[in-house]
Amino acid sequence: MKYKGFKIGNIETKLPLILGGMGIGVSGWKLASAITNNDGIGVLSGVNLGYREDDFYTNTFEANKRAIIKEIKKAKEESNNGVIGINFMVAMNRYKEYVRIAVEAGIDIIISGAGLPLELPEESKGYDTKLIPIASSAKAARIITKVWDKKYSKIPDAVVIEGDKAGGHLGFKKKDLIDENFDFEKVLKETRLVLEKYENKYGRKIPIIAAGGIYSKEDVENIMKIGYDGVQMSTRFVTTEECDADFNFKNEFLNSKKEDINIMDSPVGLPGRAIDNEFLKNVEEGVKPKIIKCVDCIKNCNYKDTKFCISQALINSVKGNIDEGLVFAGENAYKSKKMEKVKDIIEELFY
Ligand SMILES: Cc1cc2nc3c(=O)[nH]c(=O)nc-3n(C[C@H](O)[C@H](O)[C@H](O)COP(=O)(O)O)c2cc1C
């Protein structure tokens with residue numbers, strides 16, 4: 001093995017790899033357990049996990065709650081009780097309740113971004129769940145750590161630094177995505193400086209994990225050489241047999257070209273990276289797809305004004321209805337040329 005793992009509290013990873021949570025339903029129990037079974041950390045997406053439940057549109061919260069508990073149980077079972085994480089977006093309504101449900105269901109790690117997870121320690125009180133915030137800058141990492149230290153006498157168990165090549169919602173303003181080139185080395189140095197004070201105070205290291213655009217063996221090597229403790233990867237694992245999305249979703253990755261992967265305005269109020277398709281073209285031309293039913297998922301979304309319903313669009317795509325769906329993807333999705341097995345990718349990248 002080429003690399004060492006890292007420590008998330010008392011959890012020691014074998015490989016320096018975390019799967020990036022992919023909503024809605026793209027990283028479910030199959031992909032998460034496959035990553036854990038191959039020595040990485042498998043991560044479920046916690047966003048609207050109840051989308052397959054019969055009562056999703058009539059009883060959304062209960063459907064999501066049931067599905068979160070089921071997916072965690074299944075991922076743990078299929079990985080022989082291995083370490084499993086779940087990703088929750090701060091921008092979600094009922095965020096705190098969902099976090100609590102996952103914690104009580106025995107999740108090992110909560111990873112949280114799309115906003116600053118300032119109150120995350122509150123929701124996991126009384127449990128030894130490991131907490132990992134996602135930040136896009138040293139400034140964001142500093143604010144989160146400062147608040148956790150002051151309010152909860154706690155520091156993050158690791159920090160994910162997500163750069164501008166990631167898929168899904170991005171923690172950058174649209175103009176910064178075009179103007180600046182994210183510099184992983186610079187942000188790592190700044191973040192280490194910010195975290196040092198807290199590492200000294202608590203007597204333990206906070207691993208810093210890089211995310212966004214890490215696709216090949218060379219990408220992993222470069223990131224580890226700079227001094228990151230690990231990588232969080234998503235896009236590379238979409239075109240796997242184990243990924244929970246419908247084959248049509250994976251096929252969009254396989255057929256995409258570099259110029260098809262672009263930034264769109266998400267109703268969440270953040271820019272998002274997705275593959276251009278019929279759905280996005282229609283939305284851009286002002287066609288508003290009929291909303292089946294608002295499930296009140298996002299804090300900032302107003303269903304009357306929104307250009308489209310993000311949940312409906314993501315549910316369509318994960319189920320394979322691509323023409324009416326939004327296909328989130330990282331900048332390197334066009335590099336996907338064939339379906340792979342999780343095990344083979346991990347062997348190629350880390351051994
Ligand atoms: C299809 C897709 C869905 C995603 N959904 C989420 C999400 O629900 N929450 C989140 O924090 N990040 C989400 N992300 C971002 C990933 O977790 C990850 O940090 C990022 O994509 C890493 O970059 P990479 O895809 O280039 O490896 C998503 C990414 C993709 C490709």
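How many residues of domain 1 are in contact with how many residues of domain 2? The answer is 31 residues of domain 1 with 29 of domain 2, where contact puts the C-beta atoms, placed from the backbone, within 7 Å. On the domain 1 side, the elements giving two or more residues are β9 (168–169) and α6 (174–179). Helices (H or I, at least four residues) and strands (E, at least two) are DSSP runs, numbered from the N terminus. That side has 16 nonpolar, 13 polar and two charged residues. Ala, Val, Leu, Ile, Met, Phe, Trp, Tyr, Cys and Pro count as nonpolar, Asp, Glu, Lys and Arg as charged, and the others, Gly among them, as polar.

This is a predicted model: local features need pLDDT of at least 70, side-chain atom pairs count only at pLDDT 80 or more, and totals for chains, interfaces and linings use all residues. Residues are numbered from 1 along each chain as its sequence is written.

Domain 1 covers 7–245 + 338–345, and domain 2 covers 247–333. These bounds come from an automatic or database domain assignment. The C-alpha centres of the two domains lie 21 Å apart.

Now the ligand. Its shell holds 29 residues, the closest being G20, G23, G167, G168 and G330; a shell residue has its C-beta atom, placed from the backbone, within 6 Å. β5 (84–89) and β11 (230–233) are the elements that give two or more residues. By class, the shell has 12 nonpolar, 15 polar and two charged residues.

Definitions and conventions: Two residues are in contact if their C-beta atoms, placed from the backbone, lie within 7 Å.
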